[in-house]
Protein chains: 4
Amino acid sequence: MDVSIIAIGGYEEVGRNMTGVKVGRDIILCDMGLRLDRVLIHEDVELEKMHSLDLINIGAIPDDTVLSKVNGRVRAIVCTHGHLDHIGAIPKLAHRYDVPIISTPFTTELISQQIQQEKKFGVENNLISLTAGSRFKITEDIELEFVRVQHSIVDCVFAVIHTPRGAVVYANDFKFDRTPIIGAPPDFQRLREVGREGVLALITESVRVNEQGRTPSERIASQMLNDLLMSLEDERGIIVTTFSSHLARIKTIVEVAERLGRMPVLFGRSMERYAGTGQKMGILDGNFECYSNRAQLEKKMKEMMREGKELYLPIVTGHQGEPGAVLTRISDGKTPFLIEKGDNVIFSSSAIPAPINIANRYAVETKLRMRGARIYPNVHVSGHAYREDHRDLIRILQPEHVIPTHGSIEMTGAYVELAEEEGYVLGSTAHILRNSQELIV
Amino acid sequence: MDVSIIAIGGYEEVGRNMTGVKVGRDIILCDMGLRLDRVLIHEDVELEKMHSLDLINIGAIPDDTVLSKVNGRVRAIVCTHGHLDHIGAIPKLAHRYDVPIISTPFTTELISQQIQQEKKFGVENNLISLTAGSRFKITEDIELEFVRVQHSIVDCVFAVIHTPRGAVVYANDFKFDRTPIIGAPPDFQRLREVGREGVLALITESVRVNEQGRTPSERIASQMLNDLLMSLEDERGIIVTTFSSHLARIKTIVEVAERLGRMPVLFGRSMERYAGTGQKMGILDGNFECYSNRAQLEKKMKEMMREGKELYLPIVTGHQGEPGAVLTRISDGKTPFLIEKGDNVIFSSSAIPAPINIANRYAVETKLRMRGARIYPNVHVSGHAYREDHRDLIRILQPEHVIPTHGSIEMTGAYVELAEEEGYVLGSTAHILRNSQELIV
Amino acid sequence: MDVSIIAIGGYEEVGRNMTGVKVGRDIILCDMGLRLDRVLIHEDVELEKMHSLDLINIGAIPDDTVLSKVNGRVRAIVCTHGHLDHIGAIPKLAHRYDVPIISTPFTTELISQQIQQEKKFGVENNLISLTAGSRFKITEDIELEFVRVQHSIVDCVFAVIHTPRGAVVYANDFKFDRTPIIGAPPDFQRLREVGREGVLALITESVRVNEQGRTPSERIASQMLNDLLMSLEDERGIIVTTFSSHLARIKTIVEVAERLGRMPVLFGRSMERYAGTGQKMGILDGNFECYSNRAQLEKKMKEMMREGKELYLPIVTGHQGEPGAVLTRISDGKTPFLIEKGDNVIFSSSAIPAPINIANRYAVETKLRMRGARIYPNVHVSGHAYREDHRDLIRILQPEHVIPTHGSIEMTGAYVELAEEEGYVLGSTAHILRNSQELIV
Amino acid sequence: MDVSIIAIGGYEEVGRNMTGVKVGRDIILCDMGLRLDRVLIHEDVELEKMHSLDLINIGAIPDDTVLSKVNGRVRAIVCTHGHLDHIGAIPKLAHRYDVPIISTPFTTELISQQIQQEKKFGVENNLISLTAGSRFKITEDIELEFVRVQHSIVDCVFAVIHTPRGAVVYANDFKFDRTPIIGAPPDFQRLREVGREGVLALITESVRVNEQGRTPSERIASQMLNDLLMSLEDERGIIVTTFSSHLARIKTIVEVAERLGRMPVLFGRSMERYAGTGQKMGILDGNFECYSNRAQLEKKMKEMMREGKELYLPIVTGHQGEPGAVLTRISDGKTPFLIEKGDNVIFSSSAIPAPINIANRYAVETKLRMRGARIYPNVHVSGHAYREDHRDLIRILQPEHVIPTHGSIEMTGAYVELAEEEGYVLGSTAHILRNSQELIV
């Protein structure tokens, strides 16, 4: 029975991930992601209203038309976590396939919200929630298993696709966090078993493979935030901005707020979406409020200004300086929450190193500084595996084939160099695929 | 008779240049410039309609309120060349002073246009045109002399302000081009004489003082453009984008177009303004057309597409990817001139290393590439003096005091290190001033 | 009574720190440091045998001849911590002054060792040990007080020089670590008191003033090392290299070794010197061995190879790839400790960003990789204050004057920008001094 | 008849180039190069005395043992130019093959010298000199043709290997210089014919494929040198350092020396070797002297110091700060030619961006500056094709397969991205090979 890997998106870029795993004639689609920076370079694109083909043309979503050349039928869509570069094209592409979308519970909830926002297409795929550690039979020959790992969003897993020829492991994205803030450590025991059972192919991200060593644990970010915030005990205004979807980080901030005797208040649409979902699902607890509706947000901010900034810890959107985000509006003086000399703004994030992000971030920082803010950037650790984590994964799984994805050719090339150190051979057992290529393994 | 240097703008940044030279009670103001990136970080600023104080507050124009603390009266405004970071604040500030604005002929013409565009203030200062090599008596004690140098705009001079205490030389900006494309080489003979007569103070730009060696001649840029364009002889579409105000560069491009048998056509509002002015004044000759009005521009482009791109060499605005510029609109497919696979786009400019410029430039290049364009960046040489040119100027003038301006503290600091190599002493004969400081020399 | 600050060394560079504080006619010298990279660019310099004037000429040690122009007499030499860029010139310069050298106990011990190694000069100054929190009367008018701070070496203090005109605080180098691994947190309470009593001048390092935010605590490095080493539990060979003088870091490594059930063994001459001193003085405890004599070192390594690498955790010199250091010799295969495929080498340090360091580090890493080592770089946090720590110090002390030192003009200039944000004025209350300048405050 | 490409060296690095082209059972070896930086990271390697296998082990020369696994016999060694990364391993490897070494006349001469210096092996291969534009029949089925291109060394060609299946073009290294200083422009006409006749495979360097646009002509470097040197007309000491093998550059410098009325004098062993060879062969004319023997060199320098530096233009080795090179010794004050304040040192080269080169270069520049020298770096243009030159080559030859070499995976990967823009498909018609892989085309 032939097994092949179909590179659909993410094999030439960071973003718009999508991979097909074909077993006999059955195809499992892993991820349907969005490449946001291809949207951002166009000034007047309204994502929600755009047609798939236009988005394919500007390189914003995967070009799944390649599937029409493959003699197979799609049987399921699988998503391993809820970031937009993995689920963001579902509203545009999933309706073409009459198959279920299988993902972890938190991911499923986010997919469901994505679909509801879509204005152009009606997406009616069945959403199936599968917890880490569980299995799901997709066809007679194909069984899906989710194995727990970590990332900068909760409920992230490897998708282990069991086939008659061995397992195909889809590991995009991940980090190995032995001391996570939310949830349990990686399920190394199960991964080792999977390795012993036999892995035909490992498909893995390569975003940070050029970073030497290991990714530090989220606990390090938590500790840094604790130290920093506690050192600001006597200050008045403190704002923290971070990834809305990073519930572990938000959990830390909420907890330190409590230690500081400040009320944590979340501001911004995506803060409400992700944290609200996390709260509802019992992933994120703690006593915090959340505002995104403009009128309510402004009302709350006025109250904070009136009662005293030192009583609150606002947690806001805008860590990349995104136009329209709460922090950006604060930096423009367009909200009731005013920056005063000596106020502290903590970026619990890294600046994404793309030119438009850098420019946005520069603008927001400059404007905050001009108002007298003290800036604390990069109180953060990465959610992507570094080089030695990748090496460990290879050693644990001992796959016959390795196929790096989620990166430009520099990144997938760098992964191949790592794989060569572990005995793999380019073109034979290590593969650089390009979007729309199929590899029979 | 006391002579002092009043740092008004440009002493902490690149942009918004303005310096006062006070001789007894009389003050000569050198430059009134704009810092464009302080405008750009605010999304909805309309420069033409803004009030001076608001622009001062966001750091976009010099804070000339410092002059109210100085016991003196302004007697003249002097501008040494026509770039916006030297003349761009005239519409906002000059009307406060009932004095003439003295500048070289091309600069005067540009200032006049600036004033006409202003929507907020009526500026009625007398404009006096003074050619390089000429002198003008401002007061009994103060005579102004213009000495020819070069820059990335024509008709650039040093302002030598003769005072009873010796000359104050304002050298902001300049390069020493021994083989310029337009005009004669630097007037080294006169500079040496000025040096021998005695220079009390040299106020000089520091933008590129950290570049080792000497700035290459404009002839190098000209040769590179010639070589490149001639190598594209058999190609169809070729577009060149460059600084609109850089008439020497445009002259080169127009001349190569003729060698190639292509009609040079200038597109864009600022192309029309600068090149039109240059043409009218006899600085820029050659057979070219110029379009900025949108309807006419589109008509011309349609004609070019119909008759064949290979007959034309469009020279367009947008080398920094500025929103709304012609090249940006071309990259968005919003003009009749369509980029086809293999078309060639030459950037005869360097990307200004500020985050917003980098982002704009990235966007326009990416969109051009997605349409199949071949990109030739950086066919350019700088218009600013490098380290050894600065050293030569010090050796020629042998000023008692050196005062670097037009730069952040890294740049003015680097200039001081150079000056120290030549025997100057920080705080004694070499000075780092900050905006609003006065130095008695 | 005039008080002045005499910039002797470190005001134009990182390294060779030396400052004079003159009170009336009495001078206190703070630090006598070495600039190692000025030695390194010369291939055949033997530091121990060189004469002071030659070292001054190549810029390796401070040019204290400036003191002959100052009408004053030196009364004491004060060192605030034991790094070479602060004490390394004592063997070459201290004998010229018949005064005591006052420093914290650990620093005193290191100075004593420095002096013993010197081959050219006999240094017989009296060494006085003063603990953090203590005071010492130097003259009728001058009293010295040490206030506890942190740095990448233990027993680091601010030198508070009490004068009739207020305190002069010498804060070079420091970090504020609220949760240090060795010793107590910064003595903020006393610093606040000093601020209230009145500070005439703050002389402070500027090495990392351009890093935004705050320096993370040493506890973060400790946590990262713990996480990383514990993740390598099942590996065979593990080597850690770090700064020999960084006893807090070594303490962490020794403790994790114990958790791992491995015997920590220190290798290298400076390891023996610093850790031995630390052990002797009761600063560093724990059960570890230490080898620097080549024969004993090789014997121990043979034993380790024979008994099994997995029983040991070698902690070695060579984190900058220094020629002759233990790690460098290991990478060359010149020691009995052999790198085998999969062995792990942890750099608990950052690469010093000077070209020669970068080259050495590159060479050692490349050779280790060629032998199959896994490399974990940068498991480290800085020992220097970041921008917001510097701001806090200014706010706590509220000095009349701030004088940045220990940096190039980019760094001291950046400090001035920070000071300006806090209301200081360059040339008036904030000062950029250059080596050999005197500032009357 | 099977044709295959055997990647031996240079497919994972810059340096140690070596490729096999197998036609049926016959193998043509292209290049046998040295990777110098692998020698440099070891402190005590004496190249001339080392054995091949040791040099293979440290990655310094190609691992040609792979050929033992290939069922074929070597019929010729072909070198397209004389740089060490292409011919430097001939002394170590060529004696294993009883075949002629075919190269252009200047290259042949350099190979001959290489062989004579070798101390370990006796190399007795027949050296055959073939001029650009000529053909040579190697076997019944294989004919070699040299086609003229340019590089930073004279007499550089493409090796066109005509086979029954079409041509295999070996294009490593090259630039397209339409206005070269020595020799004629690229033979585009013949290249176009070769393209029309049919090219089975293009093997090409990828060193600068990530540089956008086109490489400027050597004429630009010549012009910059002219401008700079003429601007120094009235100075006393001027030294130029450049690549010894870059005869076109040396020709320019010698000619400007004549314009300046200065006697050009070459110093250094490799200056003598290359320029002497060039002179002997009539490639480099002009009136200059050349010294490398230390006694004679010192005698000449003493004479220059005595008669006046302003009469001479020394052209010296050491542009990368190589230990032992003439400029390095000058910077150490170890030659009779003394640097005085204001002397000018021109680096007509770029700093090779490897850590050890950067460190060496830093050291030499620092020492020169400390002696008062003015430094003019980077008066240079590259000898490697930029991105659009590579695109042109593809368009001219229209090869069935493209195989980038001479680069790390980032570089060969970047070439593949370019090839994809031209319609090639990775793994099908565009290939990333790794050392020791064979590709059947």
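User: How much area do chain C and chain A bury between them, and what share of it lies on carbon and sulfur atoms?

Analyst: This is a predicted model, in which local features need pLDDT of at least 70 and side-chain atom pairs count only at pLDDT 80 or more, while totals for chains, interfaces and linings use all residues. Residues are numbered from 1 along each chain as its sequence is written, chains are lettered from A and ligands numbered from 1 in the order in which they are written, and side-chain values use heavy atoms, with hydrogens and water left out. Chain C and chain A bury about 2300 Å² between them, with 46% of that on carbon and sulfur atoms; buried area here is the accessible area (1.4 Å probe) that two parts lose on being put together, summed over both. On the side of chain C, the residues that lose the most area to chain A are R214(C), I220(C) and R374(C), together 23% of what that side buries.

User: How many residues does each of chain B and chain D give to their contact, and how much area do they bury?

Analyst: With contact taken as heavy atoms within 4.5 Å, chain B gives 28 residues and chain D gives 28 residues. The two bury about 2300 Å² between them, 46% of it on carbon and sulfur atoms, and R214(B), I220(B) and R374(B) supply 24% of the area that chain B buries against chain D, more than any other three residues.

User: Why does the salt bridge of E420(A) with R434(D) join two chains?

Analyst: The closest N and O atoms of E420(A) and R434(D) are 2.6 Å apart. E420(A) lies in helix α14 of chain A, whereas R434(D) lies in the loop between α14 (409–421) and β19 (438–440) of chain D, so the pair joins two chains. Helices (H or I, at least four residues) and strands (E, at least two) are DSSP runs, numbered from the N terminus.

User: Why are α13(A) and α14(A) called oblique to each other?

Analyst: Axes are lines fitted to C-alpha atoms, for helices over the stretch in contact, and angles run from 0 to 180 degrees between N-to-C directions. Angles under 35 degrees count as roughly parallel, over 145 as roughly antiparallel, 65 to 115 as roughly perpendicular and the rest as oblique. The axes of α13 (residues 387–397) and α14 (residues 409–421) of chain A come within 10 Å and cross at roughly 50°, and the two helices are therefore oblique. Their contact involves R387(A), H390(A), R391(A) and I394(A) of α13(A), together with A414(A), Y415(A), E417(A), L418(A), A419(A) and E421(A) of α14(A).

User: What makes α14(A) oblique to α14(D)?

Analyst: α14(A) and α14(D) pack at an angle of about 135°, with their axes 9 Å apart, and that angle makes α14(A) oblique to α14(D). Among the residues in this contact are I409(A) and G413(A) of α14(A) and I409(D) and G413(D) of α14(D).

Key:
A salt bridge is a side-chain nitrogen of Lys or Arg within 4 Å of a carboxyl oxygen of Asp or Glu.
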